[in-house]
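Open the model in the viewer and keep the selection panel at hand. The stops below are in the order in which to select them.

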Amino acid sequence: MNALELNSIYKSYGSQQALNNISLSVPSGSRTVIVGPSGSGKTTLLRMIAGFEFPDAGKLSLNGQTLVDDTHEVPAHQRLIGYVPQDGALFPHMTVAANIGFGLAYSGVKKQERIAELMDSVALESHMASRWPHELSGGQQQRVALARALAQQPRLMLLDEPFSALDTGLRAAMRKLVARLLADAGVTTILVTHDQSEALSFADQLAVMRQGRLVQSGHPLDLYRYPEDEQTALFLGDAVVMPARIEAGWAHCDLGRIPVNNHRNNASAQIMLRPEQLQLVSTVPGPAGPPGCRAVVTERDFSGNTCTLTVELQSLASSEQPGRSLMVRSSGMYAPPAGSEVNVSTIGHAHVLSDA
Ligand SMILES: Nc1ncnc2c1ncn2[C@@H]1O[C@H](COP(=O)(O)OP(=O)(O)O)[C@@H](O)[C@H]1O
Ligand SMILES: [Mg+2]
């Protein structure tokens, strides 16, 4: 069942169109991530779901209840939607306990117990209860903001770039903690980020936004493998894109013949492979590998567990053009050094991109 339904939502600020015909279904209990570059409309969309902005046109409903349409609007405080804004927005003049307890219906001992329970659920130690927001690290502030939002037992949780202020190691740990916490609580969640690896890791539904439009949505792995166009492909990771002629399920390109996932006959098109779909084998002196697949490593960028290589395909005898340069991802320790002669082979299907 879908919890949240967005139907053809539009929003402009003067001549700036912030949201342009957004439709999206958010399945109940899912973790949906909206990813897009800065300025693409992500915060505007979250604020609209929370009830702090209103659309110029369109409809929004939650669990079958209409929140906004042409005729009426449910105000933010009646929506039972938790919202953690980008900066956490803790009340600076309240302690951690008071922040979390703000808006809790209980009082006295019951309230203290509930606050302790919520602090425990976001892995905040009990001695932090009396601290002030400015005495907390970025990660701790985020957890207080999350606990405060969870205290309301929301039907839907909205998180705006919750991990962006944290450094890399803490970020991954917080991401796992929050994902587990929300899954245990069974709260449908929408998280917004401009970070593609965060998006791919957190989401079970991913929606890509660009310039106020929702360009593609689906399972993260499907979007990574089958992006609609080159821009989406490159936004979600590194990509090798090259022209090809498509015929009967095969792409004929500078790498020879590669199977494609989507059929189009006799059409010229751009195809995409992820760098990890290319494999290098050192050539032994002697007979050449299959035509079009011999290459030389021109650059090696070692970064520990992986290595990003640039290889230049050997130009065909018939061509004056230099060979095409490709990006290849290889295991860090065993990557061939610059200057090595290699054969390039591919794994899996190439994806045919739609025309831009
Ligand atoms: N209150 C506002 N007044 C005017 N323009 C706004 C307002 N809020 C957002 N915008 C504009 O709408 C666009 C989308 O902004 P936003 O939703 O904050 O993007 P994101 O969160 O993806 O970075 C931007 O061009 C931004 O400048
Ligand atoms: Mg934003």
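A residue counts as near a molecule if its C-beta atom, placed from the backbone, lies within 6 Å of it. This is a predicted model, in which local features need pLDDT of at least 70 and side-chain atom pairs count only at pLDDT 80 or more, while totals for chains, interfaces and linings use all residues. Residues are numbered from 1 along each chain as its sequence is written, and chains are lettered from A and ligands numbered from 1 in the order in which they are written.

Select ligand 1. Around ligand 1 are Tyr13, Gln16, Ala18, Gly36, Ser38, Gly39, Ser40, Gly41, Lys42, Thr43 and Thr44. Two or more residues of this shell come from each of β2 (16–27) and α1 (42–50); helices (H or I, at least four residues) and strands (E, at least two) are DSSP runs, numbered from the N terminus. The largest share, three residues, comes from α1.

Next, select α4 (residues 138–150) and α5 (residues 168–185), which pack at an angle of about 10 degrees with axes 11 Å apart. Axes are lines fitted to C-alpha atoms, for helices over the stretch in contact, and angles run from 0 to 180 degrees between N-to-C directions.

Finally, colour by domain, with bounds from an automatic or database domain assignment: domain 1 (2–234), domain 2 (238–273) and domain 3 (275–346). Between the C-alpha centres of domain 1 and domain 3 there are 43 Å.
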